[in-house]
Amino acid sequence: GAMYGILGSKRLLRVVADENKCIKCGRCDTACSMGTSPCNSDFDSKFTCTNCGDCISSCPKGAISYKIKG
C-alpha cells in the first residue's frame, strides 16, 4: 500500500474537482471503487486514487475532470 501511494504521488495526470460546480450529491463517492472522495476539499485520499474516471462519469454537473499537473 505504501509503495502504491508513493507511485500515485508522482503521476502527472490527476482527478480534480471544481468546487464551484459541485452540488455535493455524493455520486462520485459512491462510484469510487477505492473509497476516495474527489469533491472533498482536502481530498486526503488523492494518493489512493487510481484515475479510473468512474467519478468523472458519475458527476451530473461535470465538476470532476482530469488535469495535467504542472
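The model is predicted, so local features need pLDDT of at least 70 and side-chain atom pairs count only at pLDDT 80 or more, while totals for chains, interfaces and linings use all residues. Residues are numbered from 1 along each chain as its sequence is written, and side-chain values use heavy atoms, with hydrogens and water left out.

The chain holds three helices and two strands. These are DSSP runs numbered from the N terminus (helices, H or I, at least four residues; strands, E, at least two). Read from the N terminus, the order is α-β-α-α-β. Contacts are heavy atoms within 4.5 Å. Of those between residues at least 6 apart in sequence, 65% join residues at least 24 apart.

The accessible surface is about 4,600 Å² (Shrake-Rupley method, 1.4 Å probe). Carbon and sulfur atoms account for 55% of this surface. Leu-12, Leu-13, Tyr-66 and Ile-68 make a nonpolar patch of about 410 Å².

Leu-12 lies in the loop between α1 (2-9) and β1 (13-17). Its relative accessibility is 57%, so Leu-12 counts as exposed (over 50%). Asn-40 lies in the loop between α2 (27-31) and α3 (54-58). Asn-40 and Cys-22 are 18 residues apart in sequence, with 9.8 Å from C-alpha to C-alpha.

Technical notes: Patch = residues over 30% accessible without salt bridge, like charges linked within 9 Å, V, L, I, M, F, W, Y side chains within 5 Å. Salt bridge = Lys/Arg side-chain N within 4 Å of Asp/Glu carboxyl O. Buried < 20%, exposed > 50% of the residue type's maximum accessible area, 1.4 Å probe, protein only.
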